[in-house]
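Hello,

Here is the structure I promised to pass on. My notes on what turned up in it follow below.

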Amino acid sequence: MFRRGPTRRVATFGWDLSRDTFTLGQWQVGRIYERRCDLSPDGKHLIYFAMDGQWDSAKQGAWTAVSRAPYLKALDMYGKGDCWEGGGVFLSNQSYAVNDRYFARDTVLYLNSGLQHDESYRPERKYGAECASVYYPRLIRDGWTLIQRHRHSQQHAVSVFERPAPDGWTLRKTAHEQVSPPAGKGCYWDEHHLIDPSGQVEDRPDWQWAELDGSSLVWAEHGCLYRAISIGESMRESSNDATLLRDFNADVYSVVDAPY
């Protein structure tokens, strides 16, 4: 899990889905582009793209790194020097690809993970070259279906993803790529909807993220993470039947050393 706030502070948390317990990883001073990140299938490694703006440093101000989840201390690091592309995806537990069609631009600072960087992989260009080039293929890989992709205007594209939920329901994710987005949103932002078996759409405007974990629904809103075992009729009116897994609002920046 990524917990952002204030703006230039991001914390990582490990989430044990079997027990719904959380382990603080580390804080990053700067920005982590969460849509350009990925977790290895076994949950042991994280690939991420970060920026701190220190352009004269060895990391070149922006970098792609592979770490041991949920920590950020880099095992493999590629200096980027700008915020075009970056990040990557795992192809297996032992291999990953960096999101950079011009890989020669990246500076290999060190490689200590023991994992293979597959330089033959090229991200799909039909989704652009930034967050969507990692985020959309990752959604499709993880069980989402791209239903529709269209442009409201030259400065606003929308991609609609869906996945089936229990009892005939459907979870819909509408991903926006937008210049001058609404207040409180970044240029890439999502909205979520639940569709009941009759086709009625229930908007969830406060959900920043939502996913299915087996037969249960998990989502984040207002800095809190929730789980609902059953979607059902109660979801039409409120989240009263949901379980609060963790409130991240009280977390504050701290220096944490990775245990490796």
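Asp52 is buried, at 9% relative accessibility; buried means under 20% relative accessible area, exposed over 50% and partly exposed in between, with a 1.4 Å probe and protein chains only. Asp52 forms a salt bridge with Lys59, and their closest N and O atoms are 3.8 Å apart. A salt bridge here is a side-chain nitrogen of Lys or Arg within 4 Å of a carboxyl oxygen of Asp or Glu. Lys59 is partly exposed, with a relative accessible area of 27%.

Before the rest, two remarks on how to read this. The model is predicted, so local features need pLDDT of at least 70 and side-chain atom pairs count only at pLDDT 80 or more, while totals for chains, interfaces and linings use all residues. Residues are numbered from 1 along each chain as its sequence is written, and side-chain values use heavy atoms, with hydrogens and water left out.

Salt bridges

The whole structure holds 14 salt bridges. In one of them, Asp38 meets Arg141, with the closest N and O atoms 2.8 Å apart. Asp38 lies in strand 5 (residues 38–39) and Arg141 in helix 1 (residues 131–141), so this pair ties together parts that are 103 residues apart in sequence. Helices (H or I, at least four residues) and strands (E, at least two) are DSSP runs, numbered from the N terminus. Asp38 is buried at 5% relative accessible area, whereas Arg141 is partly exposed at 42%.

Another salt bridge joins Arg172 and Glu162, whose closest N and O atoms are 2.7 Å apart. This pair links distant parts of the chain, ten residues apart: Arg172 is in strand 15 (residues 170–178) and Glu162 in strand 14 (residues 156–164). Arg172 is partly exposed, with a relative accessible area of 23%, and Glu162 is buried at 17%.

Strand 14 and strand 15 are joined by nine bridges; two strands pair if DSSP finds at least two bridges between them. Ser159 stands opposite Ala175 in strand 15.

How many residues of strand 19 (residues 216–221) are buried? Six of its six residues are. In a regular strand the side chains alternate between the two faces of the sheet. Ser216, Val218 and Ala220 point one way from strand 19, and Leu217, Trp219 and Glu221 the other way.

Strand 19 pairs antiparallel with strand 18 (residues 209–213) over five bridges, and Glu211 stands opposite Val218. In their hairpin, which has two residues between the strands, Gly214 takes a positive phi near 65 degrees. Strand 19 also pairs antiparallel with strand 20 (residues 224–228), over five bridges, with Ala220 opposite Leu225. In that hairpin, which has two residues between the strands, His222 takes a positive phi near 55 degrees.

Regards
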